Amino acid sequence: MSGAIEVGIIMGSRSDWDTMRHAADTLAALGVAHECKVVSAHRTPQRLYDYATGAVERGLKVIIAGAGGAAHLPGMCASMTRLPVLGVPVESKALKGMDSLLSIVQMPGGIPVATLAIGKPGAINAGLLAAAILATNDPAVADRLDAWRTKQTDAVAETVED
């Protein structure tokens, strides 16, 4: 992985890393430079403000934000930057991530957050979607993403027999 960091991965707490590491792993597999930070909408609001308002100036092109429970991080981040924000609902103990999903997906008109699936699948897809966004202007990322998709397709069996 080389080049400037173009994707920021943020999460509300260290415990969210169990989910969000899958976004980081996906980006790493695609050779996309990224950073990972703990930024809580509730416990570190100034850190969130500084991160979101400074993201464009620092060269980020996409932000992946994972949060559980009330899950305000993706929406609050999106309200402070023009960059695309991809929200990953982290599975919660109380409601298995449905609370997180609904908190992220129900943004008011005017502040969009692209919302992915709950948990690991959502984190993986957030990494892939971030790469697809970058691929619109970066032929090298486009080639790596195409190769990844081809490899995934080739790994699917054609029959149910061994």
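**Charged side chains and their partners**

Setting aside neighbours within four places in sequence, Asp-16 touches Met-11, Gly-66, Ala-67 and Val-90 (contact means heavy atoms within 4.5 Å). This is a predicted model, in which local features need pLDDT of at least 70, side-chain atom pairs count only at pLDDT 80 or more, and totals for chains, interfaces and linings use all residues. Residues are numbered from 1 along each chain as its sequence is written, and side-chain values use heavy atoms, with hydrogens and water left out.

Asp-16 sits in the loop between strand 1 (7-11) and helix 1 (17-29). Helices (H or I, at least four residues) and strands (E, at least two) are DSSP runs, numbered from the N terminus. Asp-16 is buried but has no salt bridge. Buried means under 20% relative accessible area, exposed over 50%, and partly exposed in between (1.4 Å probe, protein chains only). A salt bridge puts a side-chain nitrogen of Lys or Arg within 4 Å of a carboxyl oxygen of Asp or Glu. For Asp-16, the nearest side chain of opposite charge is Arg-43, 6.6 Å away. Here Lys and Arg count as positive, Asp and Glu as negative; His and the chain ends are not counted.

Where do salt bridges form? The whole structure holds three. Lys-61 meets Glu-6 at 3.2 Å, N to O. This pair links distant parts of the chain, 55 residues apart. Glu-6 counts as buried because its relative accessibility is 18%.

Asp-25 pairs with Arg-21, their closest N and O atoms 3.7 Å apart. Both lie in helix 1, about one turn apart.

Glu-35 bridges to Arg-58 at 2.7 Å. Glu-35 belongs to strand 2 (residues 34-38), and Arg-58 to the loop between helix 2 and strand 3.
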